[in-house]
Amino acid sequence: MRDNPVLRVVTKITIPIILLFSLYVQFHGDYGPGGGFQAGVIFAAAFILYALVFGTQAVRIVVSPSILRLLTASGLLLFAGVGTVTMLLGGHYLDYDTLAQNPLLGQHLGIFLVELGVGITVAAVMITVFLAFAGRRD
Amino acid sequence: MTLTQLPALQVILPLIAAPVCLLLRSGRLAWLLSILVSTTALIIAVLLLRLVLENGTISYTYGGWAAPWGIEYRVDIASAFVLAIVAGISTVVLLFSRVGASWEIKSSEQSLFYTAYLLCLTGLLGMTATGDAFNLFVFLEISSLSSYVLIAMGPDRRGLTAAYQYLIMGTIGATFILIAVGLLYMITGTLNMTDLANRLPALAQSRTLRVAFAFLTVGLGLKLALFPLHLWLPNAYTYAPHVVSAFLAATATKVAVYVLLRFMYGVFGSSFAFDSMPLQFILMVLGALAVLSGSTVAVFQHNIKRMLGYSSVAQIGYMILGLSLASVSGLTATLVHLLNHALMKGGLFLAVACMAYQLGSTRLADLAGAGQRMPWTSAAFVVGGLSLIGIPLTAGFISKWMLVVAVLETGWWPLLIVIVAGSLLAVVYIWRVIEMIYFRSAATADGPAQEAHWSLLAPVWLLIAANIYFGIDTQWSVDVAQLAAQLLFGVHA
Amino acid sequence: MNELINIVLLGLLVITALAAIRLHDLFAVTIMFGIYSLLAAAVFVVLDAVDVAFTEAAVGVGISTILMLATIGLVGRQEKPPAHRSLLPLVVVAVTGAALIYGTFDMPHFAAPDAPIQQHVAPRYLEQSPSEIGIPNVVTAVLASYRGYDTLGELTVIFTAGIGVLALLGLRRRRSRLADSPEEEP
Amino acid sequence: MDMFALYNYWVVIFLMMTGFYVVIASGNLVKKIIGLNLFQASVFILYISMGKVSGGAAPILRETVQTYSNPLPHVLILTAIVVGVATTALGLALVVRIKEAYGTTEEDEIHSQDESL
């Protein structure tokens, strides 16, 4: 499959579009369908496509196992961290109202960060899982 | 301020520690973090228990959104009691695993192991504390998925099939619970357990409610290994790493029992559960069958861990019997046995782990002569076994006694035969082990197998000592269980 | 019109599910599952659940199907036909299904606006979220704020799965030969 | 009309049961996992069905729309979908390891191998 020039070219054109779309889904989830989870899956799909066409080794060069591990943990830490911050600011866990003077602004900020955390961990886990399965072939 | 945040901290702390643990490269550091977090969780649980005993039930709303719009944690005496059991057992097992897990788990996988362990702790604590039916499902899945991982980390390939079998049955159970929660939501419009409890009495005649009740019971029955839905349990306990067997045997099924009784008494209400539905009959029959069949099968096992697994099926039967009596005394017996069984099974599995490390096997035949070579471990096993049988001055006696009292009080005296028969069978299977370790000499005395390291023995004896302590000084455990049972009953009295 | 589409889609779902039972080629079963997910996503659109449809399409048709194909690539695509047919599963399924059907008779009717589910809890999300959260997508508002803690739990579940796959399969194994696409093998 | 009022649920129940049947009747480890997915996907349809309001629209607030479908089941099912894929990934990883350890993914063959030990 790696020798097929059409596939290679099309993949190289498509991947930036997929990545861009995932960012749109990530940050437009407040207004339309979508959010961190869907964005994370789509983001991972770009890497999976890349792995299918150029091989998993090529993906490992872009994201090494230790980076994936770091990202997997950091998304969850970001989400849980937002909750901890709201707790330290005197609110209940995940009470975004405390994040800014204006409760609405606080909600927006909280939801933005939380969705970002979801997106990061989901993308990292999906890529990890795919690479783990693909790497199992003898 | 901090005190009001305790219910959240109880669950959030291990949850945050899990991703941190993943990033730690060294197994030793991961262990250190885990034990710190688990000890803190234990302190929080004890504080919570004191708080609820003094001031009554605590409600905590996530995101500051009032229930039923937001998610509520509801800690009452019963849940604080279970939280303390889970956090306590987790801490003792972690004390044990500093050395134990380093022998069982590859050093490259240790931080993954402790991450999964913390996640399992998170899930179990979350299931206990939550007051929201859907949130329960989410934390149930956290604890389930992490326990599949922990079981699959066992050295034997059969750990993989045991984990797979558990995954299939566990997911069927979780899906049944999901269906039940959906049906409850459909007819009431709420997911909050307290809100559900207020709205369900008006719907007592609804056929949809009956089906929801049935699905919830079956789903939780799969999780708590209620006979005949226990098929996953013996394999899972046998082939998991020894520390994992100890942790899961002492906590996972207990939490599921607690969730069942919380739904029966705190959500559906005892009048619906026992008057409109034939629950009493079903639970009584299944509980009795669990005691008899679990104990009988245990007698014929050649693997000591599998024997303890079947014994767990029987012990869960006792808890279900107490639950089925639909009386404060029966419920008290169940809650006391929740604690006592956690202490005895935790201690027994850890003692077996010591033998397995020193002798290299958990087959009964390979333990011959262990009494001379490992006197302290063997003695611990004997005391734990006596507690399992229900000999006076051990914790096991107290829970059996309370169950007998409850049975007599409610007039279901045929159950006495079941309880006595279960104890007699326990004498038989514990005796088989005692005979093997004290009265047979080792077939192959190769190598000077000797007593386990003190850092392994200390946690074992901690749990065994607790068995004796709670067998003599019953004031605390029985009082708390009784208060908790009264509170659970009072909801719909 | 919507009802008609719904009926047709549900009919197709039934056909696909039955096909999945009958087939013994796991590759075909997986494709059936992919189709099933896609149809389910279409049902979700008809039932106004656009966010869920999006997710089902990405997860069911995408990730789950890819993982299944990858697994089949590793373990083989042929299911051994059962040596003996047991009646027990059929009985269990029939009893479970009958219980659920029994339960439907007291259910609020499909799409009824006066069902309890539309009267309690949910109206507040629709009415108050503009002033309390201030974003138009109510699903996101509930997901991330009102029931944000569930979402934290959900993320923890995904995290657990990641840990589990790392523990079971690992990432460290370097191969001299680059891995091919998993679809090619079957 | 009364028949139609519940028809939707009956079909969904049938779908759930086909998935459930695949899980408990199949002897192949991969097919069991696929069955679980079918079972759960059907439960998702049950949830989404109960949130539908006739004449309602997707719960994304707009000036022009008065009636919306219930957003809460959507939120719950988003969570459940994620839980489902997590279970699938873990289950399939176990299947891969089992295949490596036993050389088969048929339940009865695995069973007979363990018996002979």
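1. **Ground rules.** Residues are numbered from 1 along each chain as its sequence is written, while chains are lettered from A and ligands numbered from 1 in the order in which they are written. Because this is a predicted model, local features need pLDDT of at least 70 and side-chain atom pairs count only at pLDDT 80 or more, whereas totals for chains, interfaces and linings use all residues.

2. **Confidence.** For the complex, the predictor gives an ipTM of 0.95 and a pTM of 0.94. Two residues are in contact if their C-beta atoms, placed from the backbone, lie within 7 Å.

3. **Chain A.** You will find five helices and zero strands here, in the order α-α-α-α-α along the sequence. Helices (H or I, at least four residues) and strands (E, at least two) are DSSP runs, numbered from the N terminus. The C-alpha atoms of chain A fill a box of roughly 60 × 30 × 20 Å along the principal axes. Of its 138 residues, 51% are buried, which means that 20 or more other C-beta atoms lie within 10 Å of the residue's own, against 12 or fewer for exposed and in between for partly exposed, with C-beta atoms placed from the backbone. Among contacts between residues at least 6 apart in sequence, 64% join residues at least 24 apart.

4. **Chain A against chain B.** Here 15 residues of chain A meet 13 residues of chain B. The chain A side divides into eight nonpolar, four polar and three charged residues. Ala, Val, Leu, Ile, Met, Phe, Trp, Tyr, Cys and Pro count as nonpolar, Asp, Glu, Lys and Arg as charged, and the others, Gly among them, as polar.

5. **Chain C against chain D.** This contact takes 76 residues from chain C and 67 from chain D. Helix 3 of chain C gives the largest share of the chain C side, 15 residues. By class, that side has 52 nonpolar, 16 polar and eight charged residues.

6. **Two domains in chain B.** The assignment (automatic or from a database) gives domain 1 (1-164 + 227-263) and domain 2 (278-493). Their centres, taken over C-alpha atoms, are 22 Å apart. Domain 1 brings 33 residues to the contact and domain 2 brings 43. Helix 3 of chain B supplies the largest share of the domain 1 side, 14 residues.

7. **A helix pair in chain B.** Helix 13 (residues 304-324) and helix 14 (residues 328-359) of chain B pack at about 170°, with axes 8 Å apart. Helix 13 is therefore roughly antiparallel to helix 14, a label for angles over 145 degrees, where under 35 is roughly parallel, 65 to 115 roughly perpendicular and the rest oblique. Axes are lines fitted to C-alpha atoms, for helices over the stretch in contact, and angles run from 0 to 180 degrees between N-to-C directions.

8. **One residue to look up.** L48(B) sits in helix 2 (residues 27-55) of chain B and is buried, with 26 other C-beta atoms within 10 Å. Leaving out residues up to four places away in sequence, L48(B) touches L6(B), P7(B), Q10(B), V75(B), A80(B) and L83(B).
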